[in-house]
Amino acid sequence: MLIILQYHEVSRRLFFNPNICPLKVFSKHLNTLGFCMFKDYLPIFKSQGIPSLENNYVIITFDDGYKGVLNYAFPM
């Protein structure tokens, strides 16, 4: 199974903007993935292609280079 989650920005502040994911919500998403047995991570770059789908994978993408992605999402 392959699940793809796509985000634009992660922020500590609550915005009523569908392109911004509040940090608490993003944290809950990661906790839910951990609860569902998605615990290890492997960085995958476009040049490497998608790994074999014999196992379950979640791909988390950030399509913009906002500071919140680096400051909040990346450390998690």
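## Report on a predicted protein chain

With a relative accessibility of 11%, Ser 11 counts as buried, because the limit for that class is under 20%. The model described here is a predicted one. Ser 11 belongs to strand E2, which covers residues 9-11. Its side chain reaches the backbone nitrogen of Arg 13 at 3.1 Å. Apart from neighbours within four places in sequence, Ser 11 is in contact with Ile 20, Cys 21, Pro 22, Leu 23 and Tyr 72.

### Overall arrangement

The protein chain contains two helices and four strands. Along the sequence these elements follow the pattern β-β-β-α-β-α. Of the 76 residues of the protein chain, 20% count as buried. Among contacts between residues at least 6 apart in sequence, 66% join residues at least 24 apart.

The C-alpha atoms of Glu 9 and Phe 62 are separated by 7.4 Å, although the two residues are 53 residues apart along the chain. Leaving aside neighbours within four places in sequence, Glu 9 is in contact with Asn 19, Ile 20, Cys 21, Tyr 66, Lys 67, Gly 68 and Val 69.

Leu 5 is found in strand E1. At 25% relative accessibility, Leu 5 counts as partly exposed. Leu 5 and Ile 60 are 55 residues apart in sequence, while their C-alpha atoms are 4.8 Å apart in space. When neighbours within four places in sequence are left aside, the contacts of Leu 5 are Leu 33, Val 58, Ile 59, Ile 60 and Thr 61.

The accessibility values given for individual residues in this report are collected below.

| Residue | Relative accessibility | Class |
|---|---|---|
| Ser 11 | 11% | buried |
| Tyr 7 | 8% | buried |
| Phe 26 | 2% | buried |
| Leu 5 | 25% | partly exposed |
| Phe 62 | 29% | partly exposed |

### Aromatic pairs

The structure holds three aromatic pairs. In one of them, the ring centres of Tyr 7 and Phe 62 are 5.7 Å apart and the planes meet at 25°, so the pair is stacked. This pair links distant parts of the chain, with Tyr 7 in strand E1 (residues 2-7) and Phe 62 in strand E4 (residues 57-62), 55 residues apart. Tyr 7 is buried, at 8% relative accessibility. Phe 62 is partly exposed, with a relative accessible area of 29%.

Phe 26 and Phe 62 form a further aromatic pair, which is tilted, with 6.0 Å from centre to centre and 55° between the planes. This pair, too, links distant parts of the chain: Phe 26 is in helix H1 (residues 23-35) and Phe 62 is in strand E4, 36 residues apart. Phe 26 counts as buried because its relative accessibility is 2%. Tyr 7, Phe 26 and Phe 62 form one aromatic cluster.

### Helix H1

Helix H1 has 13 residues, which at 1.5 Å a residue should span 18 Å; the C-alpha atoms at its ends are 18 Å apart, in agreement with that value. The buried residues of H1 are Leu 23, Phe 26, Leu 33 and Gly 34. Seen down the axis of H1, these buried residues fall within an arc of 105°, so they line one face of the helix. An α-helix has 3.6 residues a turn, so residues three or four places apart point the same way.

The face of H1 turned away from the buried side carries the exposed residues Lys 24, Lys 28, Asn 31 and Phe 35. The cover over the buried residues of H1 includes E1, E2, strand E3 (20-22), E4 and helix H2 (67-73). H1 is followed by Met 37, which has a positive phi near 75°.

### The nonpolar core

The largest nonpolar core has six residues, namely Tyr 7, Val 10, Cys 21, Leu 23, Phe 26 and Ala 73. Leu 23, one of these core residues, is in contact with Val 10, Ser 11, Arg 12, Tyr 72 and Met 76, leaving aside its neighbours within four places in sequence. Two members of the aromatic cluster, Tyr 7 and Phe 26, belong to this core as well.

Definitions and conventions: Residues are numbered from 1 along each chain as its sequence is written. This is a predicted model: local features need pLDDT of at least 70, side-chain atom pairs count only at pLDDT 80 or more; totals for chains, interfaces and linings use all residues. Side-chain values use heavy atoms; hydrogens and water are left out. A nonpolar core is a set of buried Ala, Val, Leu, Ile, Met, Phe, Trp, Tyr and Cys residues joined through side-chain atoms within 4.5 Å. Buried means under 20% relative accessible area, exposed over 50%, partly exposed in between (1.4 Å probe, protein chains only). Contact means heavy atoms within 4.5 Å. A polar contact is a pair of N or O atoms within 3.5 Å; within protein, one must be able to donate a hydrogen and the other to accept it, and residues adjacent in sequence count only if both atoms are side-chain atoms. Rings of Phe, Tyr and Trp (its six-membered ring) pair if their centres lie within 6.5 Å; planes under 30 degrees apart count as stacked, over 60 as edge-to-face and the rest as tilted. The expected span of a helix is 1.5 Å times one less than its number of residues. The arc is that of the directions from the helix axis to the C-beta atoms.
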